[in-house]
Amino acid sequence: MVYVKQHENFPTLNAVKFKLLNKNTDQHLTVLLLYRKNNSNILQYIKDLELVLNTYVDIILGDLNINYLHDVSVTPLKSLLSSLNYSQIVQSQTFISAGSILDQVYLKRNDFDIIQNSVLSVYY
C-alpha cells in the first residue's frame with residue numbers, strides 16, 4: 001500500500017509537493033507536481049522552482065507550458081534541472097497538434113533504473 005505521508009503547497013508555482021510512502025517496503029518518494037500558467041513569467045517561475053528544489057525531490061512532473069522541443073525559453077529550465085542532476089524522460093509530443101512537449105517528467109538521475117514511458121493521445 002502506498003500512502004501520502006505529507007504534502008506542502010506552493011502557490012507561487014501552482015504546485016504541490018508530497019511524500020509517498022510504501023508501507024510494505026518503508027520506501028518513500030518525494031514528488032513535485034507543477035502547473036505553469038501559459039501567460040506567467042517563465043524566468044520568475046524558474047527562480048521560484050529553484051527555491052523549492054533546495055529540498056530533496058525525486059520526481060518533478062507537470063504541465064509547464066514551455067515547449068521542451070523548440071522553445072528558446074526552456075534553456076534556463078534545462079540548465080537548472082541538469083545542474084541539480086535531473087533527467088527529462090518524456091521524449092514524445094504531448095501536445096500533438098502543435099508538435100510540442102508541454103507536459104514534462106524529470107527524474108533524479110541515478111535514483112531510478114530503467115523507466116519506460118509513453119504518451120497517450122486524449123481528445124476532448
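Predicted model: local features only at pLDDT ≥ 70, side-chain atom pairs only at ≥ 80, totals over all residues.

Visitor: Which residues are they, then, that line the largest cavity?
Guide: Arg36, Tyr45, Ile46, Leu49, Leu64, Ile66 and Leu77 line the largest cavity.

Visitor: Let us turn to the fold. What is the pattern along the sequence?
Guide: The protein chain reads β-β-β-α-β-α-β-β, with 2 helices and 6 strands in its secondary structure.

Visitor: In what order do the strands sit in the sheet?
Guide: The order is β1-β2-β3-β4-β6-β5, in an open sheet of 6 strands with mixed pairing. At the edges are β1 (2-10) and β5 (86-88), each of which pairs on one side only. On average, neighbouring strands of this sheet are turned by 20 degrees against each other, with direction ignored.

Visitor: Staying with β5, how many bridges join β5 to β6?
Guide: There are 3 bridges between β5 and β6 (residues 103-108), and these two strands run antiparallel. Within this pairing, Tyr86 has Lys108 in β6 as its bridge partner.

Visitor: Where do the helices lie? Start with α1.
Guide: Helix α1 lies across β1 and β3 (27-35), and runs at about 165 degrees to β3. Helix α2, residues 75-83, lies across β4 (59-63), β5 and β6, and runs at about 20 degrees to β6.

Visitor: Back to β3 for a moment. Is Thr30 buried or exposed?
Guide: Thr30, which is found in strand β3, has a relative accessibility of 7% and therefore counts as buried, the cut-off being under 20%.

Visitor: With which residues is Thr30 in contact?
Guide: Neighbours within four places in sequence are left aside here. Thr30 is then in contact with Lys17, Phe18, Lys19, Tyr56, Val57, Asp58 and Ile59.

Visitor: Now the loops. Which value does phi take at Asn14?
Guide: Phi of Asn14 is near 55 degrees, which is a positive value in a residue other than glycine. Asn14 is found in the loop between β1 and β2 (15-22). Asn14 is partly exposed, at a relative accessible area of 38%.

Visitor: What about Asp26: what is its phi?
Guide: Asp26 has a positive phi of about 65 degrees, although it is not a glycine. The place of Asp26 is in the loop between β2 and β3.

Visitor: Is Asp26 buried or exposed?
Guide: Asp26 has a relative accessible area of 60%, so it counts as exposed, for which the cut-off is over 50%.

Visitor: Finally, the whole chain. What share of the residues counts as buried?
Guide: Of the 124 residues of the protein chain, 35% count as buried. As for contacts with a separation of 6 or more, 51% are between residues 24 or more positions apart.

Notes
Residues numbered from 1 in each chain as written. Heavy atoms only, no water. 1 Å grid on protein atoms, 1.4 Å probe; cavity = no way out; pocket = protein on both sides within 12 Å on 5 of 7 lines; lining within 4 Å. Pairing = 2+ DSSP bridges. Helix = DSSP H or I, 4+ residues; strand = E, 2+ residues; numbered from the N terminus. Axes fitted to C-alpha atoms, helices over the stretch in contact; angles between N-to-C directions. Contact = heavy atoms within 4.5 Å. Buried < 20%, exposed > 50% of the residue type's maximum accessible area, 1.4 Å probe, protein only.
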